[in-house]
Amino acid sequence: MDLRELYQTTILDHNKKPRNFRVPEDANHEGHGHNPLCGDDFTVHVTLEDGVVKDIGFQGTGCAISKASASLMTERVKGRTVAELDTMFEDFHELVTSDPLQEPDISGMGKLAVFAGVREYPMRVKCATLAWHTASAAVHGDSGVAKTE
Amino acid sequence: MSAAQTKLAPYDIARIRSDFPILAASMHGQPLAYLDSASSAQKPRAVTDAMTHLFENDYANVHRGVYQLSATSTRLYDEARQAAARLISAATDEVIFTRNTTEAINLVAASWGRRNLAPGDEVLLTEMEHHSNIVPWQLVCEERGARVVVAPVDDRGELILEEFEKLLGDRTRLVALAHVSNVLGTINPVRTVCDLAHARDALVLVDGAQAAPRLPVDVNALGCDFYAYSGHKLYGPNGVGVLWGRGEILDAMPPFLGGGGMIETVTFEKSTYAPVPDRFEAGTPDVGCAVGLRAAIDYVEALGLEEIARHEEALLEYGTALLEEIPGLHIIGKAQEKTGVLSFTVDGIHPHDIGTVLDREGVAIRVGHHCAQPLMDRFGVPATARASLGLYNDREDLDRLVSGIRSAIEIFA
């Protein structure tokens, strides 16, 4: 598999210019995600109102996969309910951990489909899912640090 | 004639590479360039052959049978201990087999530390220590009410001796430092550290995991009190490490683990313990790994540690020059005295992404914090990419490293 299938243009773009790379002023939930293996470290800030993600942003450092995933995640879940976020996380997790020999199920994934290439790189799955774990911890009010373990 | 007495001359890299079957493997359709020996080294056929030979011909439990096979196994185990001692110019009965360097350090922390550290005492480390030479000291210090004190390194990655000397106080009971840093490659001035420490009545433990495979080591010339190294970084098997300690210090230390093999007599009222080294080797020993380690030591001794050091030094010089030509690349660790470790960062590219691009080109390096998070903090980076040399690397491996880094820069430009 060509490296360009992992590092798709969209991923490179979001790595260089991450969207929602900020703390929303009225954020009322936050989660901290850390991957001890490689040092990826992000904080996700959420403005949650009546079970809806009104606004979301993130801060931190990490590899291209983790940063682009965080950026695209924020775009994806903004305006959605917590229940929708949970389903999206499940679908995303399934996408990046599915059998690389089968055609990926990208129906309804939108831009997140660019992460299908991660399936070929089991060492990088944690990078791709870190921001999702962190967002989930933020909206569910789990205390402590989200880990990818 | 033992392999140790057969010198190969000159350093025949093609022949040496052919001794390591894995180097012929291909990764993602590319030949393997293995540049991660500081993490774990590949094994020559001599090691796997020795272990297979043991299990197919000579294996039984050691020190426990009166029959021929047990006697043979015991002799091979004892010979392995002689080799492990010879490598660092130590006395055989002062060498203890452990699982690895980590366990060796934990043994000293738990046995010597619990017995000798009092509330308010200090253990002095350096900023460049591997987690395995930090955490065991934190654990025992916490238990004993003692303190871990840390000597800083400068921007080149060298221990700042003046600061070290200032931190060496009346309460310092032990100094623990790496002979060679796994991240920076820095060769620490162990002899000087030992002289300074001993003048203050502090003992010195040296983590030799990185040094033993690539430098001639003489524990008496270094002047240290404990020296630890691992089999797997020395081209040997994973399950064996070595702890050497001064006889009189080891003699006064209580057991680490209890069990079979480490006792003199056992009653339910009281047990008495075997002399060193048996006192510290509870349970059935890993004779297979010990035999593998012995074969690995014979192998590096046949090549010559000085020749290995020279080979890696020449490659380090070559690789350093190549990396310095790459715009945006920063080498971390520029000590005057260093071994074949090239840690670096590249502007705008996370080390993990560099590692993935290199992997696709068949180049294996380590990326991450290298079990040295405090050192990452010291240099203000979350992680680095690290290429490290072994006795089997050649210029082509480094050329391919550089070509892979350039590919990564192209992708992320």
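At what angle do helix H4 and helix H5 of chain A pack, and how far apart are their axes? The views below take that up first, then move on to chain B. This is a predicted model, where local features need pLDDT of at least 70, side-chain atom pairs count only at pLDDT 80 or more, and totals for chains, interfaces and linings use all residues. Residues are numbered from 1 along each chain as its sequence is written, with chains lettered from A and ligands numbered from 1 in the order in which they are written.

**View 1. H4(A) against H5(A).** Helix H4 (residues 82–97) and helix H5 (residues 125–139) of chain A pack at about 165°, axes 10 Å apart (axes are lines fitted to C-alpha atoms over the stretch in contact, and angles run from 0 to 180 degrees between N-to-C directions; helices are DSSP runs of H or I, at least four residues, numbered from the N terminus). That makes the pair roughly antiparallel (over 145 degrees). Residues in contact (C-beta atoms, placed from the backbone, within 7 Å) include Phe89(A) and Phe92(A) of H4(A) and Trp132(A) of H5(A).

**View 2. The buried side of H7(B).** Helix H7 (residues 190–199) of chain B buries Val190(B), Val193(B), Cys194(B) and Ala197(B) (buried: 20 or more other C-beta atoms within 10 Å of a residue's own; exposed: 12 or fewer). They span an arc of only 100° around the axis, so they sit on the same side of H7(B) (the arc is that of directions from the helix axis to the C-beta atoms).

**View 3. The other face of H7(B), and just beyond.** Turned away from the buried side are the exposed Arg191(B), Asp195(B) and Ala199(B). Just after H7(B), Asp201(B) takes a positive phi of about 65°.

Technical notes: Helices (H or I, at least four residues) and strands (E, at least two) are DSSP runs, numbered from the N terminus. Angles under 35 degrees count as roughly parallel, over 145 as roughly antiparallel, 65 to 115 as roughly perpendicular and the rest as oblique. Two residues are in contact if their C-beta atoms, placed from the backbone, lie within 7 Å.
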